[in-house]
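Here's a quick briefing to read with the model open in your viewer. Have a look first, then work through the notes by topic.

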Amino acid sequence: MTDPRSLFNFYKKVIRLRNETPALQQGSLEVAHDLCTQKILAYYRIFHSKKYLVILNMSKLRIKNPVNNVEILLSTHSQSGVHQLHPFEGRVMKLGCP
């Protein structure tokens with residue numbers, strides 16, 4: 001419980017982000033077809049003028065991140081590089097207006 005990298009503390013971060021972000025609670029969900037591949041599942045959560053991207057690397061390989069220059073709010077990997085997704089990494093990113 002005292003380890004900031006523990007699963008317990010990660011879940012606390014996920015819950016806090018969801019509670020503080022209306023788009024993740026009640027926003028519409030749109031599949032990001034242009035970003036989805038055999039290895040990537042991606043979708044948008046949109047609420048009013050706020051838009052977020054959830055991107056999941058569903059493979060056991062590192063892959064190129066198809067989206068750059070966005071704010072990463074949460075990642076399953078603390079040492080993740082901006083330009084690559086680790087195997088089975090998930091990210092929540094804040095985008096501009098839809």
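Where is the place of Ser-6? Ser-6 sits in the segment before H1. Keep in mind that this is a predicted model.

**Ahead of the helix**
- Ser-6 counts as buried, because its relative accessibility is 16% and the cut-off for buried is under 20%.
- The side chain of Ser-6 has a polar atom 3.0 Å from the backbone oxygen of Asp-3.

- Leu-7, Tyr-11 and Ile-15 make a nonpolar surface patch of about 340 Å².
- Of these, Ile-15 has its place in helix H1, which covers residues 7-20.

- In soluble globular proteins, nonpolar side chains tend to be buried together.
- Here, the largest nonpolar core has twelve residues: Ala-32, Leu-35, Ile-40, Ala-42, Tyr-44, Ile-46, Leu-53, Ile-55, Ile-63, Val-67, Leu-85 and Met-93.
- Two elements give two or more residues each to this core, namely strand S2 (40-47) and strand S3 (50-57).
- S2 supplies the largest share of this core, with four residues.
- Leaving aside residues up to four places away in sequence, Val-67 touches Leu-35 and Leu-53.
- There's also a second, separate core of five residues, with Leu-17, Leu-24, Val-54 and Leu-74 among them.

**The loop between the strands**
- Ser-49 is found in the loop that runs between S2 and S3.
- From C-alpha to C-alpha, Ser-49 and Ala-32 are 17 Å apart in space, and they are 17 residues apart in sequence.
- Ala-32 is also one of the residues of the twelve-residue core.

**The charged pair**
- Side chains of opposite charge can pair when their charged atoms come close.
- How many salt bridges does the structure hold? The count is one.
- That salt bridge joins the side chains of Arg-91 and Glu-89, at 2.8 Å from N to O.
- Both partners, Arg-91 and Glu-89, are buried.

How values were computed
Residues are numbered from 1 along each chain as its sequence is written. This is a predicted model: local features need pLDDT of at least 70, side-chain atom pairs count only at pLDDT 80 or more; totals for chains, interfaces and linings use all residues. Side-chain values use heavy atoms; hydrogens and water are left out. Patches are made of residues with over 30% relative accessible area and no salt bridge: like charges are joined within 9 Å, nonpolar side chains (Val, Leu, Ile, Met, Phe, Trp, Tyr) within 5 Å. Accessible areas come from the Shrake-Rupley method with a 1.4 Å probe; for residues, only the protein chains shown count as cover. A salt bridge is a side-chain nitrogen of Lys or Arg within 4 Å of a carboxyl oxygen of Asp or Glu. A nonpolar core is a set of buried Ala, Val, Leu, Ile, Met, Phe, Trp, Tyr and Cys residues joined through side-chain atoms within 4.5 Å. Buried means under 20% relative accessible area, exposed over 50%, partly exposed in between (1.4 Å probe, protein chains only). Contact means heavy atoms within 4.5 Å. A polar contact is a pair of N or O atoms within 3.5 Å; within protein, one must be able to donate a hydrogen and the other to accept it, and residues adjacent in sequence count only if both atoms are side-chain atoms.
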